[in-house]
Amino acid sequence: MKAEAFEVMKNRRAIRKFKAEQITDEELNAVLEAGTYAPTGAGTQAVQIVAVQSPEYRDRVAALNAAVMGKDMDPYYGAPTIVLIFETEDGFTHGFDGPSVACNIVNAAYAAGLGSCWIHRCKQMFEMEEGKALLKEWGLPETLIGSCSVALGYADCEHPAAKPRKEGYIVRV
Ligand SMILES: Cc1cc2nc3c(=O)[nH]c(=O)nc-3n(C[C@H](O)[C@H](O)[C@H](O)COP(=O)(O)O)c2cc1C
């Protein structure tokens with residue numbers, strides 16, 4: 001058993017307060033590369049990862065997510081990097097490939113010493129005109145299907161404790 005990997009999977013927590021300081025390219029590249037090695041249906045890699053770091057785009061993505069949520073807040077908790085995960089039209093295991101990549105990304109982030117939080121509403125964001133306009137500006141097909149997003153940065157809080165795992169979570173037969 002490789003203890004480190006188990007420790008990472010057990011101790012990673014959702015971080016909801018980030019420093020404004022941007023993460024290094026080395027950290028970002030390591031996390032994104034880990035995402036590309038996630039399992040995908042039949043190994044199709046039918047996923048597109050978009051790392052958003054330009055302050056203008058970061059704020060537009062956050063505003064779009066907030067609009068879907070219907071709340072006036074930053075859904076990415078001030079994180080300077082947002083990773084968007086899309087599924088591509090040619091995939092045939094839609095709904096599964098994107099979250100698979102997101103899992104690798106949040107675990108890799110923790111292994112790299114970064115904070116992360118999986119953020120919902122990506123599908124609705126990129127069904128909206130504003131989302132499609134962003135894809136166009138980024139030179140990406142408007143047919144991409146929003147799957148998951150991840151807030152990424154240096155944590156600006158104590159590391160949260162995990163809730164106890166629920167009774168009966170695992171059944172062995
Ligand atoms: C599908 C999914 C959607 C999530 N969406 C959000 C979100 O929109 N905002 C948020 O703060 N956390 C979100 N989370 C993070 C969860 O709330 C968090 O993982 C959960 O409370 C367990 O905490 P832990 O990650 O620290 O173990 C999401 C997690 C998943 C898997």
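Biologist: How far is the sulfur of C122 from the closest cysteine sulfur, and in which residue does that sulfur lie?

Modeller: In this predicted model, C122 counts as buried, with 1% relative accessibility. A disulfide would need the two sulfur atoms within 2.5 Å, and the closest cysteine sulfur to that of C122 is too far for a bond, at 7.0 Å, in C148.

Biologist: What is the distance from the sulfur of C157 to the closest cysteine sulfur?

Modeller: C157 counts as partly exposed, its relative accessibility being 36%. Its closest cysteine sulfur belongs to C117 and is too far for a bond, the separation being 10 Å.

Biologist: How many disulfides does the count come to?

Modeller: A disulfide is a covalent bond joining the sulfur atoms of two cysteines. The sulfur of C122 is too far from that of C148 for such a bond, and the sulfur of C157 is too far from that of C117. By the distance rule, the count of disulfides comes to zero.

Biologist: How many charged residues does the shell around the ligand have?

Modeller: The residues around the ligand include C117, W118, I119 and H120, together with R12, R13, R16 and R121. By class, this shell has five nonpolar residues and one polar residue, and its charged residues number four.

Biologist: What percentage of the area that the ligand exposes when taken alone does the protein bury?

Modeller: Polar side-chain atoms lie 2.9 Å from a ligand oxygen atom in the case of R13, 2.7 Å in the case of R16, and 2.5 Å in the case of Y77. Taken alone, the ligand exposes 620 Å², and of that the protein buries 61%.

Technical notes:
Residues numbered from 1 in each chain as written. Predicted model: local features only at pLDDT ≥ 70, side-chain atom pairs only at ≥ 80, totals over all residues. Heavy atoms only, no water. Near = heavy atom within 4 Å. Polar contact = N/O pair within 3.5 Å; in protein donor to acceptor, adjacent residues only side chain to side chain. Areas by Shrake-Rupley, 256 points an atom, 1.4 Å probe, with all protein chains shown as cover. Nonpolar A, V, L, I, M, F, W, Y, C, P; charged D, E, K, R; others polar. Buried < 20%, exposed > 50% of the residue type's maximum accessible area, 1.4 Å probe, protein only.
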